[in-house]
Amino acid sequence: MLDRQRWWNAVETTVMRQQLHQEITPFEKQTLLDEQYQTQIAMQSFNSSEVGKIYTPQTIGERNDICVTSIIGMPNAGKTLTSETIVETRTMEAPLLMQEVYREEKEKLDKSKEFNFARLYERLLNRQNIEFEKALKLGRLGANSGLNTEGHVMFDRLVWTDLPMARAHFLIGNIDHPTLEHIENEFISHLLYRNDTDNILINCIIKPELAISRQSPSEGLGRILNPIFLPILYEQSLRFHYEMVNFEKVFKLKRPFTYATVDMSSPDRVERFRSLEKVINWSLIAQDNIYTIESINEFITAN
């Protein structure tokens, strides 16, 4: 049974959208309740001991020439800075890093004075579908030239892998269900049915209050980095972790990509760098099936 607070949260979102004269169908009202219930189940089942471990693909196919790592997670977790550091410190197999485009597209919409999250997602998806294909071509060129020996392409927040963000926007009323459904379909099409890349998905988590404490006073709070939205996003990040670990149970399919959740709470930037780099390094090795998943996670948890 859905607990009272979550029920009220769904009702509040419904009322707010009606007050803003946004269409909300009975189906969408029910979906809000369903999403709250799925979140409730995941939060009750969340196991913190699983954080930091690597979950390799449940389906084994031929090794592809390009491996795509998508890093998602909480704002101010250190995703961008750590990703840049990883690239800068690799001299032999420097991966191609594609930076987050969310802020750039958001600023364009802000200047046009036509901002809404559904429109933002439409622009992001159009842009990243094009950039994704370009990145694969550049990755293969780098691999063939010896500059990117692992054929590794890193994305700082791919839109279609970031289900927690889309779900949080839906639950708070920023996007409607068709937009959320579109993101979910993109997730399935890119990660479950693509067979031309090996995929690694890493979810970086920190608690909402820590994300806010890391924000520069000069930048202030915003549409996402605020005490209302962040707790919703944090819950969706933990729900996503639960779903990825229990992928076959949730999606009724075997997981075809590598997954890990990384705790980025440490105040030490070097420690955060090492935590994320360790998962990336061993995820790449796991793709080659050189070691067992048990031996990999035993090394990670011991070091």
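The model is a predicted one, in which local features need pLDDT of at least 70 and side-chain atom pairs count only at pLDDT 80 or more, while totals for chains, interfaces and linings use all residues. Residues are numbered from 1 along each chain as its sequence is written, and side-chain values use heavy atoms, with hydrogens and water left out.

Let us start with the sheet. Helices (H or I, at least four residues) and strands (E, at least two) are DSSP runs, numbered from the N terminus; two strands count as paired if DSSP finds at least two bridges between them. With those terms in hand, the six strands form an open sheet in the order E1-E6-E5-E2-E4-E3, and the pairing is mixed. At the edges stand E1 (54–55) and E3 (96–98), each with a single partner strand, so one side of each has no neighbour in the sheet. As a reminder, strands of a sheet pair through backbone hydrogen bonds, either parallel or antiparallel.

E2 (residues 67–73) and E5 (residues 198–205) are joined by seven bridges in the parallel sense, and here Ile71 sits opposite Ile202 of E5. E2 also runs parallel to E4, with five bridges between them; Thr69 is found opposite Met154 in E4. Three bridges then link E3 and E4, again in the parallel sense, and Leu97 likewise stands opposite Met154 in E4.

How many of the residues of E4 are buried? Five of the five are, so the strand is largely enclosed by the rest of the structure; buried here means under 20% relative accessible area, exposed over 50%, and partly exposed in between (1.4 Å probe, protein chains only). In a regular strand the side chains alternate between the two faces of the sheet. Both faces of E4 are covered, with His152, Met154 and Asp156 buried on one side and Val153 and Phe155 buried on the other. Helix H3 (residues 79–89) lies across E2, E3, E4 (152–156) and E5, and runs at about 160° to E4. That angle is taken between N-to-C directions on a scale from 0 to 180 degrees, with axes that are lines fitted to C-alpha atoms, for helices over the stretch in contact; contact means heavy atoms within 4.5 Å.

Next come the empty spaces. Rolling a probe the size of a water molecule over the atoms shows where empty space is left. On a 1 Å grid over the protein atoms alone, a cavity is a set of points where a 1.4 Å probe fits but cannot get out, whereas a pocket is an open set with protein on both sides within 12 Å along at least five of seven lines; lining residues have an atom within 4 Å of a point. Grid points are joined across faces, edges and corners, and a volume is the space filled by probe spheres set on the points.

The structure holds one cavity of 30 Å³ or more, and the largest cavity has a volume of about 30 Å³. Its lining consists of Val68, Ser70, Leu158, Thr161, Leu191, Asn199, Ile200 and Leu201. E2 and E5 are the elements that give two or more residues to this lining, and E5 gives the most, with three. By class, five of the lining residues are nonpolar, three are polar and none is charged; Ala, Val, Leu, Ile, Met, Phe, Trp, Tyr, Cys and Pro count as nonpolar, Asp, Glu, Lys and Arg as charged, and the others, Gly among them, as polar.

The largest pocket has a volume of about 910 Å³. It is lined by 32 residues, and Pro75, Asn76, Arg103, Gln215 and Leu225 lie nearest its centre. H3, H4 (102–112), H5 (117–145) and H11 (269–287) each supply at least two lining residues, with the largest share, four residues, coming from H4. The classes here are twelve nonpolar, seven polar and 13 charged residues.

Asn76 is also worth a look for its backbone: its phi is positive, about 65°, although it is not a glycine. Asn76 lies in the loop between E2 and H3 and is partly exposed, with a relative accessible area of 23%. Lys252 likewise has a positive phi, near 60°, in the loop between H10 (247–251) and E6 (258–263), and this residue is exposed at 65% relative accessible area.
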